2 protein chains.
Amino acid sequence: MENLSTSLADLESGWVWLAGAGPGDPGLLTMQAWHGLRQADVVVYDALVGEGVLALARTGCVLESAGKRGGKPSPKQADISHRLIQLAREGKRVLRLKGGDPFVFGRGGEEALALVRAGVPFRIVPGVSSGIGGLAYAGIPVTHREVNSAVTFITGHDMTGDVPGGLDWAALARGAPVIVIYMALAHLPQIAARLLSHGRAPAEPVAIVSKASLPEQKVIESTLAACASDALAQAAEPPCLVVVGEVVRLRAGLDWLGALSGRVLEPDPLGGRQGREVG
Amino acid sequence: MENLSTSLADLESGWVWLAGAGPGDPGLLTMQAWHGLRQADVVVYDALVGEGVLALARTGCVLESAGKRGGKPSPKQADISHRLIQLAREGKRVLRLKGGDPFVFGRGGEEALALVRAGVPFRIVPGVSSGIGGLAYAGIPVTHREVNSAVTFITGHDMTGDVPGGLDWAALARGAPVIVIYMALAHLPQIAARLLSHGRAPAEPVAIVSKASLPEQKVIESTLAACASDALAQAAEPPCLVVVGEVVRLRAGLDWLGALSGRVLEPDPLGGRQGREVG
């Protein structure tokens with residue numbers, strides 16, 4: 001670690017770090033989060049944090065699941081915050097580890113404010129967000145200069161577990177040429193229908209990426225019209241990211257992970273067509 | 001490194017890794033990118049990659065700047081791709097290091113496709129995107145459950161160096177309650193004017209974050225109406241991220257970096273108000 005370790009912050013007794021674990025591949029963990037794993041007395045982790053990441057915790061570290069998954073409302077959020085406060089007050093070095101990034105649909109802000117109210121000191125350790133890094137493992141860039149200069153990230157369910165309310169779907173559909181939906185599987189039929197009803201093309205490319213960046217990663221390429229039935233027919237397993245837009249076509253050229261297994265990449269995956277720029 | 005090093009991929013001779021360096025703080029480098037820095041013969045880096053990150057390269061590694069900065073068009077993109085191909089064909093282990101994430105306004109896809117055309121094998125190493133991790137160092141979450149279930153990322157200039165054309169600014173303004181603009185400084189007056197003319201409130205909170213996550217980080221809190229003049233008056237230095245939306249108010253409670261220097265955090269920064277959910 002040499003000169004890096006001197007620049008890394010140390011996780012101290014009575015502190016909580018709210019850290020992102022990235023999409024799943026342990027190699028996408030940040031140095032700072034890794035340093036936290038090597039120092040923590042307790043790691044309180046979400047279901048989306050992979051075993052490969054947890055295996056990096058120091059010997060003797062207690063691993064506590066705070067797991068919740070899928071579209072269900074989460075009566076336990078207050079319990080999780082309470083537990084973090086309790087552990088910190090016991091003088092533990094607490095690493096709160098979330099999939100992806102704690103500030104991207106991760107409720108990091110809520111937990112941090114609970115710590116502020118309790119007077120517990122904390123640090124935010126950003127992570128690689130799954131909607132960016134996970135899609136990169138599927139060979140899909142969320143932006144590409146010929147295709148889009150804007151991208152929108154949406155969560156597939158809101159605080160009640162439903163499709164997010166209060167959003168202007170007409171504006172979202174017209175706004176960014178690329179839309180990435182987190183935790184998209186449960187409400188994919190409704191979400192695709194809304195985008196279609198507000199003018200996105202039925203033939204628009206869609207990719208459904210299950211267990212992104214993990215060895216079990218599976219990618220379904222589809223269209224906006226067919227994605228919900230394709231997800232069902234091919235038994236897509238959560239967690240899933242869904243990306244809507246012409247960038248999906250780039251996968252034919254950029255699937256570097258597939259190339260490691262022999263896939264021949266296409267040098268011109270957009271086929272000379274100009275990418276779709278909404279406007 | 002123990003059990004992690006066995007799971008990290010090795011950078012091999014004749015390969016190019018297109019890697020993200022994160023917002024600037026070396027602690028936000030991923031393990032995989034760090035591993036690449038320890039193995040590379042040549043690092044071809046952008047201007048936005050910090051010295052603290054480059055200092056982690058192995059002794060004897062050649063550091064080559066491919067720098068370009070600000071809103072200028074980039075006639076050199078083809079030259080950069082050509083150089084990567086040349087180095088790979090010389091049998092070098094090449095780490096192409098970009099600020100943030102290579103697939104978020106980073107032209108990683110373009111460079112990768114050039115490698116595909118040349119038959120050069122490559123790997124994508126995602127990084128912490130500055131618009132997420134950099135803002136976290138300013139205490140600003142890009143999503144917060146009471147405020148937004150969608151966020152849009154926009155680049156402040158397109159391939160010509162102008163404000164991105166072809167975007168439906170009316171839809172973008174109405175679509176996501178939070179908008180993050182990368183490389184926003186040069187065209188901030190025009191961008192703010194477009195959002196205002198399409199209905200965003202003049203008093204809407206805006207933060208301008210200069211040199212995010214670096215020791216020189218500076219945050220200007222403003223409003224949509226005043227941000228362009230405030231950036232000028234306070235001599236904001238590029239690179240700057242700009243974030244528009246109610247999440248900016250959370251900084252009063254979540255500025256953990258400020259708290260390290262004695263700032264007292266507010267436990268209820270949204271003041272009991274419901275966050276703005278556009279719709």
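This is a predicted model: local features need pLDDT of at least 70, side-chain atom pairs count only at pLDDT 80 or more; totals for chains, interfaces and linings use all residues.

Reader: What makes chain A divided into domain 1 and domain 2?

Author: The bounds come from an automatic or database domain assignment, which places domain 1 at 2-128 and domain 2 at 131-260 of chain A. Their C-alpha centres lie 27 Å apart. The contact (heavy atoms within 4.5 Å) takes 12 residues from domain 1 and 17 residues from domain 2.

Reader: How do you know what area domain 1 and domain 2 of chain A bury between them?

Author: Buried area is the accessible area (1.4 Å probe) that two parts lose on being put together, summed over both. For domain 1 and domain 2 of chain A this is about 1100 Å², 65% of it on carbon and sulfur atoms.

Reader: What is the corresponding area for chain B and chain A?

Author: Chain B and chain A bury about 6700 Å² between them, 66% of it on carbon and sulfur atoms. In chain B, the residues that lose the most area to chain A are B:Phe103, B:Arg145 and B:Trp256, together 12% of what that side buries. In contact are 79 residues of chain B and 79 residues of chain A.

Reader: Why is the pair B:Arg145 and A:Glu110 called a salt bridge?

Author: The term requires a side-chain nitrogen of Lys or Arg within 4 Å of a carboxyl oxygen of Asp or Glu. The closest N and O atoms of B:Arg145 and A:Glu110 are 2.9 Å apart, so the pair qualifies. The count between chain B and chain A is 4 salt bridges, whereas between domain 1 and domain 2 of chain A it is 0.

Reader: Why are strand β6 of chain A and strand β6 of chain B said to pair?

Author: Strands (E, at least two residues) are DSSP runs, numbered from the N terminus, and two of them pair if DSSP finds at least two bridges between them. The β6 strands, residues 150-155 in chain A and in chain B, have 5 bridges in the antiparallel sense, and therefore pair. A:Phe153 stands opposite B:Val151 in β6(B).

Notes
Residues are numbered from 1 along each chain as its sequence is written. Chains are lettered from A and ligands numbered from 1 in the order in which they are written. Side-chain values use heavy atoms; hydrogens and water are left out. Helices (H or I, at least four residues) and strands (E, at least two) are DSSP runs, numbered from the N terminus.
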